[in-house]
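Dear colleague,

Please find below the structure that I am handing over to you. My notes on what was found in it follow directly after.

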Amino acid sequence: DFSVRLPGRGEDELGELSRSITVLAQDLKHLKEERNEFLSSISHELRTPLTYIKGYADVARRKNITEKERGQYLNIIYEESEKLSTMMEDLFNLAKLDRNAFVIDLTRIELSSYITAICKKMLPAFQEKKMNLECEGSEHIEVMIDPLRFEQILINLLDNAIKYSAPHTKTSIWAEREKGKVLISIKDEGTGIPKEDIPFIFDRFYRVDKSRSRNLGGTGLGLSIVKELVEAHGGQIEIKSERQKGTLFLIWLEEAIE
Ligand code: ADP
């Protein structure tokens, strides 16, 4: 019960105050629920690789198995530990973003050469999966970004394009001026995302196909980091996707003024 009586205040003001306190209490309750949900997701996500590690370590130390089997079990243990480190790294980055402890070091960057350089770095990963990466030449556009943090955004999105596309498909990335802003588009011809999943796609740990994403080394944290990083740059990110056709990510930024 949040009805408060303060001396010297009119009924209207008191009503107003009591309503504000009720709203505040609801917000706090919501935050608490969100935190609980987040913590239970984390423990669940950490438990999966740990279960594998424990189980395979247990069988690997038995005497009645062959060296080949032991090797296979150790490989699984190694891979699962790698997944754990990726997840810890992602969580650590998210925590830093949450505390605003991320220093965004803005520099004036010319986008077309910046994007071309990232494409060059990413090309071998695309070629390895027999995929095509196209960086369309764009006009001279300057933006204020933190080159390292922004690279993390583009690499996360391009990595996803690789993970969720078949060989012989094309991924494109380009920048242009649009509606008085700068628009960076990343488009793939992959599996696409079902309409009903799109509203949750930037949520922490959200994955369309849990087991598939897990096998591909996914943590479900990548897109939530991408969104926070884009917003830390004062930008916005949107997604358009159609099942079996592909996905398009749109990143909006302000153009750097002269
Ligand atoms: P993950 O580590 O699982 O890839 P993300 O946060 O990067 O986590 O992505 C969340 C989910 O969104 C993925 O599990 C996948 O289902 C879906 N997704 C992300 N990017 C794409 C894409 N380019 N094409 C199809 N699905 C995607």
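In helix 1, Phe 38, Ile 42, Glu 45, Leu 46, Pro 49, Leu 50, Tyr 52, Ile 53, Tyr 56, Ala 57, Val 59 and Ala 60 meet a set of residues in helix 2, namely Arg 70, Tyr 73, Ile 76, Ile 77, Glu 80, Ser 81, Leu 84, Met 87, Met 88 and Leu 91. Contact here means heavy atoms within 4.5 Å, and helices are DSSP runs of H or I with at least four residues, numbered from the N terminus. By class, this contact has 18 nonpolar, 1 polar and 3 charged residues. Ala, Val, Leu, Ile, Met, Phe, Trp, Tyr, Cys and Pro count as nonpolar, Asp, Glu, Lys and Arg as charged, and the others, Gly among them, as polar.

Please note that this is a predicted model, in which local features need pLDDT of at least 70 and side-chain atom pairs count only at pLDDT 80 or more, whereas totals for chains, interfaces and linings use all residues. Residues are numbered from 1 along each chain as its sequence is written, and side-chain values use heavy atoms, with hydrogens and water left out.

Helix 1 (residues 11-60) and helix 2 (residues 67-98) pack at an angle of about 160°, and their axes are 8 Å apart. Axes are lines fitted to C-alpha atoms, for helices over the stretch in contact, and angles run from 0 to 180 degrees between N-to-C directions. The two helices are therefore roughly antiparallel to each other, a term for angles over 145 degrees.

Val 59 is found in helix 1. Not counting residues up to four places away in sequence, Val 59 touches Ile 65 and Tyr 73. From Val 59 to Ile 141 there are 82 residues in sequence and 58 Å in space, C-alpha to C-alpha.

The axes of helix 4 (residues 147-163) and helix 6 (residues 222-232) come within 9 Å and cross at roughly 145°. Arg 149, Gln 152, Ile 153, Asn 156, Leu 157 and Asn 160 of helix 4 make the contact with Gly 222, Leu 223, Ile 225, Val 226, Leu 229 and Val 230 of helix 6.

Which residues are the closest to the ligand? They are Tyr 164, Asp 188, Ser 213, Thr 219 and Leu 223, among 19 residues that surround the ligand (a heavy atom within 4 Å). Polar contacts are pairs of N or O atoms within 3.5 Å. A polar side-chain atom of Asn 160 lies 2.9 Å from an oxygen atom of the ligand, and one of Asp 188 lies 2.8 Å from a nitrogen atom of the ligand.

Yours sincerely

Technical notes
Angles under 35 degrees count as roughly parallel, over 145 as roughly antiparallel, 65 to 115 as roughly perpendicular and the rest as oblique. A polar contact is a pair of N or O atoms within 3.5 Å; within protein, one must be able to donate a hydrogen and the other to accept it, and residues adjacent in sequence count only if both atoms are side-chain atoms.
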